[in-house]
Amino acid sequence: MERKSKVRISATRGLPNPTEYVQLLDGELRDWAFNEERAPEFKDRWRTDVYKVPNDVPLDLEIGTGNGYFFAHHANGNPTRCFVGIELKYKPLIQSIKRALRGGAKNVRILRYDAWAIDELFSTGELNDIFIHFPDPWEKKRQWKHRLIDDEFMGVAHELQRPNTVIDFKTDSLDYFEWAMERFKRSPYKVEAETRDLYQSPYLTTNFITHFEKLWTEKNLKINYARLRKP
């Protein structure tokens, strides 16, 4: 029996009044941006059929690209690595891929998809590093079930990543960070870095300030950071 998709977002196709961003997704930027229907078609084939590179070239993933500053930074700073982003909202999705392309990147693609269903997009051992920066913290207790970081997600991510790769995690929510750390420490990953004040830690030297991070630090909010490694 065919497994039912876990995607919970509305379909792009058939939207009654598509915005300019929706039109770009399935139009001018079609080669760079994939809607929720097209994206799963390339599972296990991203390197060979989309990026046209050998199987040993690293393929990194950012979950939740936002306005795309880190997305563009990582893509343009690592031209020998492939980079794919996941974003739900049409405007930041298009902003992210445009920002990377303006910088000259050719190694990028972006997908509209549910992050918690990444096993519908990638196969076992297909991914290298994963970046999760400032995910929705879902602060209220009744909302915790919506948090991306849970035991199931950690198991899925571990299966999809190659050995000796990392998960890079940042959040301004201390509550979410503590929640995530509990799940990180009981996962198969090794916690390689952990701080509740990134700007007063040795990890700051390699940190890229995202758009959201700049907003939070201007309000004197502390940034929580963790890096996990798959042995």
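**Aromatic rings**

Author: Let us begin with Phe83, which is buried at a relative accessible area of 1%, where buried means under 20% relative accessible area, exposed over 50% and partly exposed in between, with a 1.4 Å probe and protein chains only. This is a predicted model, in which local features need pLDDT of at least 70 and side-chain atom pairs count only at pLDDT 80 or more, while totals for chains, interfaces and linings use all residues. Residues are numbered from 1 along each chain as its sequence is written, and side-chain values use heavy atoms, with hydrogens and water left out.

Reader: How is a pair of aromatic rings described?

Author: A pair is described by the distance of the centres and the angle of the planes. Rings of Phe, Tyr and Trp (its six-membered ring) pair if their centres lie within 6.5 Å, and planes under 30 degrees apart count as stacked, over 60 as edge-to-face and the rest as tilted. By this rule there are 14 aromatic pairs. In one of them, the ring centres of Phe42 and Trp46 are 5.4 Å apart with the planes at 45 degrees, so this pair is tilted. Phe70 and Phe83, by contrast, form an edge-to-face pair, with 6.4 Å from centre to centre and 80 degrees between the planes.
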